[in-house]
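Thanks for coming. I have one structure to go through today, so please bring it up on your screens.

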Amino acid sequence: MTTFLIIGAVGLGLLLVSLVIGDLLDGFLGGALDADWFSTAAIGGFVSAFGFGGALAVGPLGTIAAIGIGALGGALFAWFALWLTRLLKEEHTDAVPSGDAAVGLDAAVITTIPAGGFGVVRVALGGHTVTYNAKAPDLDEEITPGTAVHVTGVLSPTAVTVAPTWREITS
């Protein structure tokens, strides 16, 4: 039983190492064996489950059965560790909002946009509140803070062109 417990502890140590510097080890070991299924997390999961599963089974079932149960449990945990690390590594995130995505959206003026000059607008874009420098090229008058505007184009990654929105006439 002590041997199985030591094997399990070594497996847990390998899992800890794979959490801290796993990418470094995976690059070295994966390059050496050129196998997609080979990772330190999978090896650590197998070794620890083999050791602790064998330690649980050795008392009532004997050494040979404990080795088989440990190997079966190790294979299950290795598969789970590999599946989980692949899932986490392949997680995709949304792209960072860009000025091109703001074209066509409504915005609010934060600082005055002078005639022929730049001010600042705030746009709700992809769940984020983004601020852009803004210019209203077609107007000869300034746009005051709080005015609703429409983003009409992109000048640069941080600057857009805007035009005031039309308000509905109510009587």
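I will start with the ground rules, then take the helices and the barrel in turn.

This is a predicted model, in which local features need pLDDT of at least 70 and side-chain atom pairs count only at pLDDT 80 or more, while totals for chains, interfaces and linings use all residues. Residues are numbered from 1 along each chain as its sequence is written, and side-chain values use heavy atoms, with hydrogens and water left out.

First, the layout. The chain has four helices and five strands. Both are DSSP runs numbered from the N terminus: helices are H or I with at least four residues, strands are E with at least two. From the N terminus on, the order of elements is α-α-α-α-β-β-β-β-β. Of the 171 residues, 31% count as buried. Buried means under 20% relative accessible area, exposed means over 50%, and partly exposed is in between, with a 1.4 Å probe and protein chains only.

Trp 79 is found in helix H3, residues 63-89. Is Trp 79 buried or exposed? Trp 79 counts as exposed, because its relative accessibility is 52%. Trp 79 also belongs to a nonpolar surface patch of about 860 Å², together with Leu 76, Phe 77, Phe 80, Trp 83, Leu 84, Leu 87 and Leu 88. A patch takes residues with over 30% relative accessible area and no salt bridge; like charges are joined within 9 Å, and nonpolar side chains (Val, Leu, Ile, Met, Phe, Trp, Tyr) within 5 Å. A salt bridge here is a side-chain nitrogen of Lys or Arg within 4 Å of a carboxyl oxygen of Asp or Glu. The areas come from the Shrake-Rupley method with a 1.4 Å probe, and for residues only the protein chains shown count as cover.

Next, the aromatic rings. Rings of Phe, Tyr and Trp (its six-membered ring) pair if their centres lie within 6.5 Å; planes under 30 degrees apart are stacked, over 60 edge-to-face, and the rest tilted. By this rule there are four aromatic pairs. Trp 79 and Trp 83 form a stacked one, at 6.2 Å centre to centre and 15° between the planes. These two are four residues apart in helix H3, so about one helical turn separates them. Trp 83 is partly exposed, because its relative accessibility is 42%. Elsewhere, ring pairs link Phe 4, Phe 46 and Phe 50 into a cluster.

On to the strands. In what order do the five strands close into a barrel? The order is S1-S2-S3-S5-S4, with mixed pairing. Two strands pair if DSSP finds at least two bridges between them.

I will go through three of the pairings. S1, residues 106-111, and S4, residues 148-156, are antiparallel over three bridges, and Ala 108 stands opposite Ala 148 in S4. S3, residues 128-135, and S5, residues 159-164, run parallel and are joined by three bridges; there Asn 133 stands opposite Ala 159. S4 and S5 are antiparallel over six bridges, and a hairpin joins S4 to S5 through two residues.

Last, Ser 156, found in strand S4. Its bridge partner in S5 is Ala 159. Ser 156 counts as partly exposed because its relative accessibility is 25%. Ser 156 and Asn 133 are 23 residues apart in sequence and 9.3 Å apart in space, C-alpha to C-alpha.
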